[in-house]
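These are my notebook entries on two contacts that I looked up.

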Amino acid sequence: MSLLRPFTIAEQIDEAASCKTMRFIGTLHADPGQFVMIWIPGKDEFPMSVSYTGEAFGVTYKIIGEGTQSLSAMKPGERVGIRGPYGRGFEVHGRRMLAVAGGAGMAVIAPLIDMAIEKGAEVDLVLGARTESEIIMRGRCESAGAEVHISTDDGTAGAKGLATDITSQLLENATFDSVCACGPEKMIAGVYSMSKKLDLPFQASLERFIKCGIGICDSCAIDGMHVCKDGPVFSGEVLATLDDFGKGRLSPSGRRLPLD
Amino acid sequence: MTGLEVEIAGMRLRNPTILASGVLDETGKSMLKVANAGAGALVSKSVGLYERQGHPNPCVAEVECGLLNAMGLPNPGVEAYAAEIAEAKKGEVPVIGSAFGVDADEIAEVAALLCAAGADAIELNLSCPHAEGYGAEIGSDPDNVRHICESTKAKVSRPVLAKLTPNTSSITELAIAAQDGGADGVVAINTLKAMSICPELRMPVLSNRVGGLSGPAVRSVGVRCVFEIFEAVDIPIIGVGGVSTARDALEYLMAGARAVQIGTAIRSRGTDVFAEVCSGLTEFMSKNDYRSIQEMVGGAHHVTA
């Protein structure tokens, strides 16, 4: 059980165009990939992956709707309600990891890289974004010691193309013990199928509409598994059993929709 | 019938544990998972004629002794939900369709559509405490309850169970009204109307302010309600509220329930809770020389206050 706790905002940091990190006064420990439910009093509550764990923990978010707009308007000193951490995070397997992050998915991959390097693993990071101004946390991962490979859809930074293009080249030219991914689900599905061909252990963090956060309301169901409790990080073995992986999602009413 | 088997309104259940409405039942595959984990029957999410998003988040709040929720009856509409029922039916246990609506006609129409989709019985949601114009708002009045049961019985040929609200001065009157209206059984209780406030943020936590309390906190209320209803009606009773162990289930059985529903306990015990309750029941029966569940039903009624 995780009771709601009030936390005071310490600071808001601009990460990129329409992407911010909110740090809090206080401590919350979360595994890379685990999330908290953040309640903006009187507005909304939504799941956010913890991008900085421990003392002065934080979340990183892209401003995409009314909820995140309200979050970005909040000032240091103001308070939000937080419950969690919830869900299952990433594990580090082997000595050499390939991490693939798409867009704001980087906020989930960054703490994973911290943990992997702390555990003595070598990490290659593929960081894909639509354009240079949307790249986040590059410096953080470089200082942590990861080998960073950038790709942008428009070629404004790094290689022009998709994150999956560089991933495929890296997998061809080097040996990895495991592959981890977070970002658009179509990208994840692409990286998963490459990893599967090479029989590499795979993990990815998925996103669905989450209401309860505690595995009972079924809003975030994917083929009987629940993103909030069984995930958000799923292994390749589990993803292989999910028909809706990369294909379908539920609307807040429970209507089945194709994945965007 | 021997062992854990029970009969309710003509439905034969392999054991008396039933998935409660609103938990792991938005999708057919989740319901199927619960059936495979050992539940004796499944109740669907409450569905209506039209698609509803439900209340905005926060729609749940965890409290020390239970859980508050104000989901607000989210559902894709009965027509879209039919596919989920079909999937759940693969579990080969009875699937009970939960219906809500604004009035007797609408509820009966939803019930008929749920039956057409394959539901083996209907549970009338006359008790949701957190959706304006639905549930408890129309199910707190005995005349309404009777009328809704009559209208539904006139439209469907499968068993109809009325899920009653404890947020009333007399749940027995509602149970009697359901029986008078032709209901084949009653389900008691739905959640208790409740609120949680965050003092630092000076605000009720749920976006709907008011929600329904479930979990261990409400069990003793549920047991009392079932006990009272058992003395007032002849139709079968399904007990619900705070069941997470065999002992909890036994309290309901001894009070007069033929079966129990389990929901919130899945939060802490996962879907294994169904098999755990069943094995605990078997153990209790063998230690205390009961050969069937039916022998225990209403067992606590020999005492007079």
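Predicted model: local features only at pLDDT ≥ 70, side-chain atom pairs only at ≥ 80, totals over all residues.

**Entry 1: the domains of chain A**

I looked up the bounds and read domain 1 as 5-86 and domain 2 as 96-258. The C-alpha centres of the two domains lie 21 Å apart. To their contact, domain 1 of chain A gives 19 residues and domain 2 of chain A gives 21 residues.

I then looked for charged pairs and polar pairs. Across the interface of domain 1 and domain 2 of chain A, the rule finds zero salt bridges. I recorded four residue pairs in polar contact between these domains, both residues being at pLDDT 80 or more.

Which elements supply the side of domain 1 of chain A that touches domain 2 of chain A? Those that give two or more residues are strands E1 (5-16), E2 (19-25), E4 (35-40), E5 (44-52), E7 (58-62) and E8 (79-86) of chain A. The largest share, six residues, comes from E5(A). I sorted the residues of this side of domain 1 into ten nonpolar, five polar and four charged.

**Entry 2: chain B against chain A**

I turned next to the interface of the two chains. The size of an interface is often given as the accessible area lost when the parts come together, so I began with that value. Chain B and chain A bury about 3200 Å² between them, with 56% of it on carbon and sulfur atoms. I noted 35 residues from chain B and 40 residues from chain A in the contact.

How many salt bridges does the rule find across the interface of chain B and chain A? It finds five. I looked up one salt bridge by name: the side chains of Lys33(B) and Asp230(A) meet at 3.9 Å, N to O.

On the side of chain B that touches chain A, the elements that give two or more residues are helix H1 (28-36), strand E5 (60-63), helix H2 (78-88), strand E13 (203-204) and helix H9 (265-269) of chain B. I sorted the residues of that side of chain B into 17 nonpolar, six polar and twelve charged.

Methods. Residues numbered from 1 in each chain as written. Chains lettered and ligands numbered in written order. Heavy atoms only, no water. Contact = heavy atoms within 4.5 Å. Buried area = accessible area lost by both parts, 1.4 Å probe. Salt bridge = Lys/Arg side-chain N within 4 Å of Asp/Glu carboxyl O. Helix = DSSP H or I, 4+ residues; strand = E, 2+ residues; numbered from the N terminus. Nonpolar A, V, L, I, M, F, W, Y, C, P; charged D, E, K, R; others polar. Domains from an automatic or database assignment. Polar contact = N/O pair within 3.5 Å; in protein donor to acceptor, adjacent residues only side chain to side chain.
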